[in-house]
Amino acid sequence: MPDLPPLIDAQLFERGADGRPSLLAGRERDTGRVVFPLPDDPERFETITLPRTGSLWSWTVQRFRPKSPPYAGSEAFEPYAVGYVALGDMIIVEGRLTGAALDSYRIDMPMMLVTEPFVMADGETRTTFAFAPIGNDAR
Amino acid sequence: MSDVFIIGAGIHPFGRTPARSGLQQGVYAVRQALAGAGLEWRDMQFAFGGSDAAGKADTMVSELGLTGIQFINVANGCATGGSAMFGAYSTIKSGEFDLGIAIGFDKHPRGAFDPKPAEWGLPEWYGETGLMLTTQFFAMKIQRYMAMHGITSNSLAAVAEKAFDNGVLADHAWRREPVDRETILNATMVSDPLTKFMFCSPAEGAVALIFASERRARELGLPAVRLRAAAVRSRPPGSFEVFAPALDIARGSSPTVIASRAAYEMAGVSPEDIDVAQLQDTETGAEIMHMAENGFCADGEQEAWIAEGRTRIQGSLPVNTDGGCLACGEPIGASGLRQVYENYRQLTGNAGARQVPGAPRLGYSHVYGAPGVSAVAILER
């Protein structure tokens, strides 16, 4: 499986034997409620991995460069899509969207989790997660 | 227990005033409110005041007078003004004091807000990778709402068009030029489906409201409106809020829905009774969704309401008669009190060119903000 640039956060996801990522989340031991990102509280939360596929719940396009901080991306700005994806019947996760034209996303579109390179302002690349359309919806 | 009345109101024009600090704008609003009511600062027994980004309210005593007043600073994000008002309401209602003031002011730099992840209990990557923007939240909430309930972009634009038309008529508004619907729709897209004319901007401004008990209001003989309800509520499970890396699959209601219900119950009135409403319009979709969340119509009915002009000043339920946040901008600490100021002017018949016809009796105001808080007030003439 290919090496990736360092993860932007070590607690964000893990990669299976096939190299594909799964987001890490917490399941509250008392209530069964699933939360993302994984809280640093193993007594209260059991670590679980989230389904890799789901459907697009909502979306938009970030068309101006966010203020830094907190934004850590490079000065050269390209608009990007963001959305919420319902992963099975577990949780709805927000992330960047990739793999399709900015105005081609549609609610209920089938989506899958992918890794995505993210270039920081200092030129270093980190690996984050994103969601991409599955099958015919992909570009 | 006393009923609570608003007997005076002052405002510093919203927008940009480079020559005055946020605190100075607050002092301006206080002086205007006092002058209008024929009262002195030393008559005030208590004050609640706050800003989100423009300093500590209680320092304005050095301008207004060192009377030893009980002055409580309020810092509650977007609900700062609403919380100051709730403080004043409770103080009078309890009988502790019978005359006091609530003040909200702010002054923000240009452009979108730039929150820090750690201050919101969020990991750094959420901000670093460009997910921590209020504009994204508002866009994604209305994007889904449009798909679920058949709201069109034309209605988004109609709400902005109305806001700018009303702003032309409001002395305290920031944007006082009409903008037509085509221009709004074809303007630069900020966060799909919202163009730049569909978002409000951070701004500056200040509002002061004078509160009195029923007995004191009668003695003073000033134009007075009764505060029938004041409710501040935080978020219930399953609500969709700003800065959420994930949402529960089981969807719930919203802080607005529960604050609204609480306020109607306190006031003993229902949505059909309301004559004029000021609803949080951070962007045009928010006004549309808040019409339903505050009980004025069912989800999806806004499309017909807007097409028929029902929320315009001459309509059956005028909404955001001073142009709301879209025309006035959003100085966080002052924004919620501006809505109450506007209802006070409307109910006392002093709203000038934007006066709602037919002598409105009940005014409703609703402010919403991060991380999921809503404040609702109902005023009665």
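This is a predicted model: local features need pLDDT of at least 70, side-chain atom pairs count only at pLDDT 80 or more; totals for chains, interfaces and linings use all residues.
**Conventions.** I number residues from 1 along each chain as its sequence is written, and I letter chains from A and number ligands from 1 in the order in which they are written.

**Overall form.** I looked up the secondary structure of chain B and found 13 helices and 12 strands, where helices (H or I, at least four residues) and strands (E, at least two) are DSSP runs numbered from the N terminus. Along the principal axes, I read a box of roughly 55 × 50 × 40 Å for the C-alpha atoms of chain B. Buried residues make up 59% of the 381 in chain B (buried means 20 or more other C-beta atoms within 10 Å of the residue's own, exposed 12 or fewer, and partly exposed in between, with C-beta atoms placed from the backbone). I also noted that, among contacts in chain B with a separation of 6 or more, 76% join residues 24 or more positions apart (a contact needs C-beta atoms, placed from the backbone, within 7 Å).

**The sheet.** I traced an open sheet of 9 strands in chain B, in the order 3-2-4-7-1-8-12-11-10 and with mixed pairing, where two strands pair if DSSP finds at least two bridges between them. Its edge strands are strand 3 (70-73) and strand 10 (276-279) of chain B, each pairing on one side only, and the twist averages 20 degrees from one strand to the next. Strand 1 (residues 4-15) and strand 7 (residues 204-213) of chain B run antiparallel and are joined by 9 bridges, one of which I followed from F5(B) to its partner A212(B). Helix 1 (residues 22-37) of chain B lies across strands 1, 2, 4 and 7 of chain B, running at about 135 degrees to strand 1; axes are lines fitted to C-alpha atoms, for helices over the stretch in contact, and angles run from 0 to 180 degrees between N-to-C directions.

**Helix 10.** In helix 10 (residues 284-293) of chain B, 9 of the 10 residues are buried, among them I288(B), M289(B) and H290(B). Just after this helix, G295(B) takes a positive phi of about 90 degrees. The axes of helix 6 (residues 153-168) and helix 10 of chain B come within 8 Å and cross at roughly 100 degrees. That makes the two helices roughly perpendicular (65 to 115 degrees; under 35 is roughly parallel, over 145 roughly antiparallel, and the rest oblique). From helix 6 of chain B, S155(B), L156(B), V159(B) and A160(B) meet T284(B), G285(B), E287(B) and I288(B) in helix 10 of chain B.

**Toward chain A.** I counted 30 residues from chain B and 35 residues from chain A in the contact. Helix 5 of chain B gives the largest share of the chain B side, 6 residues. Strand 7 (residues 91-97) of chain A and strand 9 of chain B run antiparallel, joined by 3 bridges, and V93(A) stands opposite A246(B).

Note on methods. Two residues are in contact if their C-beta atoms, placed from the backbone, lie within 7 Å.
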